[in-house]
Every structure is written in structure tokens, then in C-alpha cells.
Amino acid sequence: MTKDKESTVRSFHFVFIITFIVGTIIQFSDESEFTVDMSNIGLTQVPKGLPPKTKVLDMSQNYVSELHLSDISFLSRLKVLRLSHNRLQCLDISIFKFNQDLEYLDLSHNLLKKISCHPITNLKHLDLSFNDFDVLPICKEFGNLTQLKFLGLSATKLKQLDLLPIAHLHLSCILLDLEDYYVKVSETESLQILNTETLHLVFHPNNFFSVQANISVNIRCLQLTNIKLNNDNCQVLIDFLSELTRGPTLLNLTLNHVETPWKCLVTVFQFLWPRPVEYLNIYNLTIVHRIDREDFTYYETALKALKVEGITNKVFLFSQTALYRVFSEMNIMMLTISDTSLIHMLCPQATSPFKFLNFTQNVFTDSIFQKCSTLVNLETLILQKNELKDLFKVGLMTKNMPSLEILDVSWNSLEYDKHNRNCTWARSLVVLNLSSNILTDSVFRCLPPRIKVLDLHNNRIRSIPKDVTSLEALQELNLAVNSLAHLPGCDTFSSLSVLTIDYNAISLPSAHFFQSCRKIQSIQAGSNPFHCTCELREFIQSVDQVSSGVVEGWPDSYKCDYPESYKGTLLKDFHMSPLSCNPALLIVTIGVTGLVFAVIVTALCIYFDLPWYLRMMCQWTQTRRRARNTPLHELRRTIHFHAFISYSEHDSAWVKNELVPYLEKEDIRICLHERNFVPGKSIVENIINCIEKSYKSIFVLSPNFIQSEWCHYELYFAHHNLFHEGSNNLILILLEPIPQNSIPCKYHKLRALMTQRTYLEWPKEKSKHGLFWANIRAAFNVNLILITENNDVKT
């Protein structure tokens, strides 16, 4: 074999193989751990120690030259074996007799010259193509492969009955490698192929087409790969196709990797035009030599669609009209010419039957189809990846296309100058793709009024103008990958049901969107820089209220972008308290709380007579301030009295007739308010001074006492002095019983003193008076140095 033997299997063969492999592998995806990949690692033989449970074994692109029974017999579960691109020269298929589950066997691109056959009942895919067989490697055992769907073969010679052993099998595809096929010019061979849907013939990539064989087929699809033509052998291809296209069943013809002069290509078109072929596909077409005007008769044809993808034009000087006219005048429904260097396409001279035109990835400009009035039947026009720049002219192009429903002008450089006149569009247009252009907000002033599906993704749109013309028929709108900051309302798009607006600049989507767009069935707004603040809470709540599935990608595509503390958090997991998000509610809450607190404090103040205590503290503070202003030598405290007596005026008779006479008889010096208060000083100041100058304070308690506010003052200051001086200077005399419930709440200190301290109770019986006075004397059983009014010392 020549070095060209290793050339790549061409596109349709490749697509079929990959499809089958993927379909097979998917069945075992849940057991992917049983897949062993040893491809392209320099193996010269099958390695030892393969896992016995292996189901998929790939040893392609190595240097394996022999395959023995012991290499794979223990792999009883093996289903897929790839040994392509190795150096196998002979093979005994009986080595697979223990691999009864084997379904896929690829032995292509080896050096096989002969094989020994053995039936493998479950085999579905057998590829023996691109080997060194002289004749087709078919043996009678192949007739038992009842599940076989794909068969790849190689041969240098053909015999009519070579495929007879498998004639009864219903195959999906036969791949026939004829790269090394050769017969003398005067000889013609025959081959009959039955019961296959697709026949794929691969010829030598560098040799001019010279196959002279009568191949009788009953197929639906024919693929020819590597066709190299010139004006001399063009008829050879025509003759070869004559037999293949003779029957009425061939509907799809595909030519891969074609190199031909323009004249020969037109000849092939002319030959196929009256044939039953309905779909003609040409991939990777190279035009050589020259391009001249060729006469073409457009017979009535069964051809529905012509697809030409990938044209390389090696002719630099030629008549553009000669090239374009052949295609523009075709009387077919669908024409695709993509991935070429065509800069223009002519308008048909007469009313055209074209319903579908696809000119993707060319170099068309705004002049395409301007003032073209013959495309009245055109329904779909695709002009992706061209050099269109003016949206106004694109609309004008459609003006004379009354049947146009779908227009795709994505991946161009379209702009719209809002100062232009109003745009004109075909009234029938319902689907418009303007994605991947450089359109701005003004595009909404240049849209077809009856458009239903509009794709504007990947443009430069920042907002939707409020005064935009109403698009009441619009149902689907794609605004992804723009710079929109807000969700659009549906005042303009009253019929909108599908909205795609992800990858924009939306930070705070409106919670009223779903109220405005009541017909919405699907919205995709993920992957936006959402600001997780209080304003976003309502939108999240509104999402929770709509039907499941309406918000596409929720919740995984909806994440916080700001603030940093929430970045990456799913919107559904973002929560803020209603109080922190509602200033009015916060103010009311603070106000109510403050008011309640004020009411409680006021009630407590009233209950505990706090104003009275505040006044007392004020008086005490003022007295202390005056004391601080007194010279230091005057601050030294001296005791002038043994006791200060506090009593109610209603109890003065007992005090003056009983208590005072007895105490003074015992040389106890008494301080009384009526004789010892200093005129000119305030009553409170006099009380404080008398208490401070007295060793003890005697309180005569009775129901009358608790009714006297001044008595309460005296008790308060005496009790305060108790803690201030750290002494036990209170003597309580209970003159008359005082019921606990009769003491007002504001006199809680009196309540506390009567509960905590021992008091002397004045007995009514005279026999007990002696004990009472004895207790009084005991309270003063201490020698004190008293200062008289004239500063005389008295003990």
C-alpha cells in the first residue's frame, strides 16, 4: 500500500462512526469503570493483566502486529474493541469466540491482507476498511451476523457477487474503501449491493477519479469522498453516477472533498437535475482552473435542496455573474451556500421558487437583494456571519419579500442610526435574529411591527426606550449579554411569554415584573450582579409566588454579587428582617416602644413617688454643695444633741409630756424642731443639720406620722444618713399600731424599715412603762462629748 493509506476517513464516514460509538458507549456509561483506554501509548502487543470485567478496550494508534486468543479470551464481558491504526497483517476472527458479548470491532487502518472467519452473533459494527485486501473480505460466516448494522470493507478489485453472502442482511451503512482500486481503462467491473440504507465510497485523495465500475444499488443515501476531477475525466464520474442514480430510491447524494473545474461542476449539476435525487450536499469544494459562463438548462427537477459548505476558489480572475447566476436561477426550494468567499448573490431574473436561503459565513454586504422583487416565495433567509452594517437597509431588503417569516442576520456588524427614516420591513416577518451585532437602544425604533420572536442577545443595549413603538405581537424576547440595568415591563410587550435577560447588569429587578407581565411563561434572568439589599426582598418573594419552572435556572443561577458579605449566596438563601427593611415600620416600632417605656417609667415613678425622691435628692445635693463651700475647719462634725425627735403634731402631747421630760431627766439632750431650727434656713436644711448634729434620731410612729409629709422627709434623710455614716442611728417608737396596708406605697422606705428593723412599742399598761424606758436608756448608754451652744464641752 502507499503512504496515503493512512489518510483521514472523510466527514460522513466519520460522523457515522462517531454516532455509532457514542450510541454504544452511552449504554455502558453507568459502568464507566470497566473502560480501559490504552490508545496512542506505543504498544506492540496486547498488555497482560487487563481487568477481566473490561467492557470497552481502546488500543488504537499503536504498533500491535499480532492478536492471539490468549490476549482477549478471558475478557468475557468485552463489548467494544478498537484496534484501528495498528500494524495487524492477518487475523483469525475465531480468537473472539469467547467474547460472545462483542458488539463493536474496529480493525480499520491496519495492514490486513486476509482474515479467517468465525461468526460473532452479537456483532453490530465491523470495520475492516483501509487495509490491504485485494478482494472484498467477505466470507459465508458473515451471513450469520444478523445484528450487523455497519460494515467497513477495502478492496483493489470488485466482483459482482462479492457481497452475496450478506445480501440478506439489513445494514444501515456499508463503507467501501477504494483508495487502491485499480483496473485498466478498457476494463469495467461490476458489484451488486443490496439491503443497505447508506453506501459510502472513499477514493484516493490525490488521484484523479478513474473508477469504472458498474455498482448496482438499492439505497437511499450515497456518499462519495475524495473526488478529484478535471475536464478530461469529468465524464468518468458522470458514467459512474449513471448506474448509481438509475433507480428511484436514491434520494440523498453527498460529495465530500471535491476538487473540480467550474465547468465540470456545472456538468455534474446538469446531469443530476433530472434525476430522482432530492437532496444534494457538497462539502469542502475546491474550484480550480477557470470560471466562465456556462449554459445551464433548469429542467423540472426532483431536487429540493442544494447545500454547499466550504468553498475554496483557486481562480482569482473570473466573471462574478457567471458564478452567481448558476445558483440564483435554480428552480429548487432550498439553497445553502456557507463558509465561502462569495461577496454577493444575484437576484433571480424571474419569480423564484426559493423558500429557504442560507448564506452563512460569506462576505455579503448591505447591497444584497436590494430592490429584488422575485423572491416572493422566500420564507426563511439566513445571512449569519457576513459584512452587513446598516439595519435600515436590511429592513429595506425585505420589503419585496411578502412571504418572509424568518430572518437571521446575527453575527454581523449591524447598527441603526436613529436619524434615518422609519424602517420598512416585510409585514409577514415573525422571527428576527439580530444577535451578536453592535446595536444600541435605538434598535427598538426599527423593528417589524408583527414580530413574534426577537433575538437581540450580545449587543450593546442599555435600556428599552419608554416611547418605543408598541410590539403587541411579541411573544419571545432574548436580551441576554447586554448592559440592561432593569427588567423590562410589559406595557410595550403585552403578549410576552418568554424572556431571556441573563448576563446583563441587573442589580435590583423589579418585584412588579410578574404583575406587569401576566402572560409570562418563562424568564431566564440568572447570572446578573444582584445587590442583596432590602429592595431585592420583594423580587425574591414574587419569584416564590409564581409557578414552578417559570423562572429558568432558579435558584442556582441567581446569586448575590453585592455586598461582599453576601457574594456568592443564592438569592433563595438571602434573608433580611422586615423591620430592618421598612423605615416607617422601624420608626413606628421605636416610637411605640419608647412610648410604652415612657408610660411604664411614668407609672413606676407615680407608684414609687419618684418626684418626691427627686426633690429630696435635689435638696440633699444643694445642702452638700453648700457644705463643700464651707471652710474646712467648719466641716469637722461635732455632736450637739443626743437625739433628734421626729413626730407628728398630732402626737406632740405624748412627746412633750412623756418622752421629752423623761429623756431630759436622764441628761439626754434633745433636739426639737420648734426650739432648735435656725430661723432663715429652709426646713429641709434645718432637718438635715439637726440629724447630722444628733447622735440618734428618734421617730415616733403612728397613723398620724404617715400622714405628715415633713415627718417622711425627716425619716428619708435619717435613713440616708444611716448609710452615709455607716452607724445605727435610728430609734423607732411605735406609739400606735399602724396596719401594713395603711402605709401609702410612696412610703416604701417606712415599710422596709418596719420590716427590717426592731422598733420599740409604747405599751398601754403602766406596768410595762419601766421596761420601755430601760430600752430607751440602753440606746444612749455611751459617754459623748457634746458641744453646747456656747461651744462649752459637756459630757
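Me: In which sense do strand S10 and S12 pair, and over how many bridges?

Reply: Strand S10 (residues 189-193) and S12 pair in the parallel sense, over 5 bridges. Two strands count as paired if DSSP finds at least two bridges between them. Strands (E, at least two residues) and helices (H or I, at least four) are DSSP runs, numbered from the N terminus. This is a predicted model: local features need pLDDT of at least 70, side-chain atom pairs count only at pLDDT 80 or more, and totals for chains, interfaces and linings use all residues. Residues are numbered from 1 along each chain as its sequence is written, and side-chain values use heavy atoms, with hydrogens and water left out.

Me: Which residue stands opposite Ala213 in S12?

Reply: Glu189 does.

Me: And the side chains along S12, where do they point?

Reply: They alternate along residues 213-217. Ala213, Ile215 and Val217 point to one face and are buried. Buried means under 20% relative accessible area, exposed over 50%, and partly exposed in between (1.4 Å probe, protein chains only).

Me: Switching to cysteines. How many disulfides does the structure hold?

Reply: It holds 6. The criterion is a pair of cysteine sulfur atoms within 2.5 Å.

Me: Take Cys347 and Cys372. How far apart are the sulfur atoms?

Reply: They are 2.0 Å apart. The link of Cys347 and Cys372 is right-handed, with 75 degrees about the S-S bond. The pair links distant parts of the chain, 25 residues apart. Cys347 is in the loop between strand S17 (334-338) and strand S18 (356-358). Cys372 is in the loop between S18 and strand S19 (380-382).

Me: Are those two buried or partly exposed?

Reply: Cys347 is partly exposed, with a relative accessible area of 26%. Cys372 is buried, at 1%.

Me: What about Cys423, which cysteine is it joined to?

Reply: A disulfide joins Cys423 to Cys446, S to S 1.7 Å. This link is left-handed, with -105 degrees about the S-S bond. Cys423 lies in the loop between strand S20 (406-408) and strand S21 (431-433), and Cys446 in the loop between S21 and strand S22 (453-455), so the pair ties together parts that are 23 residues apart in sequence. Cys423 counts as buried at 18% relative accessibility, and Cys446 does at 0%.

Me: And Cys532 with Cys560, right-handed or left-handed?

Reply: Left-handed, with -90 degrees about the S-S bond. Cys532 is in the loop between strand S26 (530-531) and helix H8 (534-545), while Cys560 is in strand S27 (residues 560-562), 28 residues apart. Both cysteines are buried. Their S to S distance is 1.7 Å.

Me: Last topic, pockets. What volume does the second largest pocket have?

Reply: About 430 Å³. On a 1 Å grid over the protein atoms alone, a pocket is an open set of points where a 1.4 Å probe fits, with protein on both sides within 12 Å along at least five of seven lines. The volume is the space filled by probe spheres set on the points, which are joined across faces, edges and corners.

Technical notes: On a 1 Å grid over the protein atoms alone, a cavity is a set of points where a 1.4 Å probe fits but cannot get out, and a pocket is an open set with protein on both sides within 12 Å along at least five of seven lines; lining residues have an atom within 4 Å of a point.
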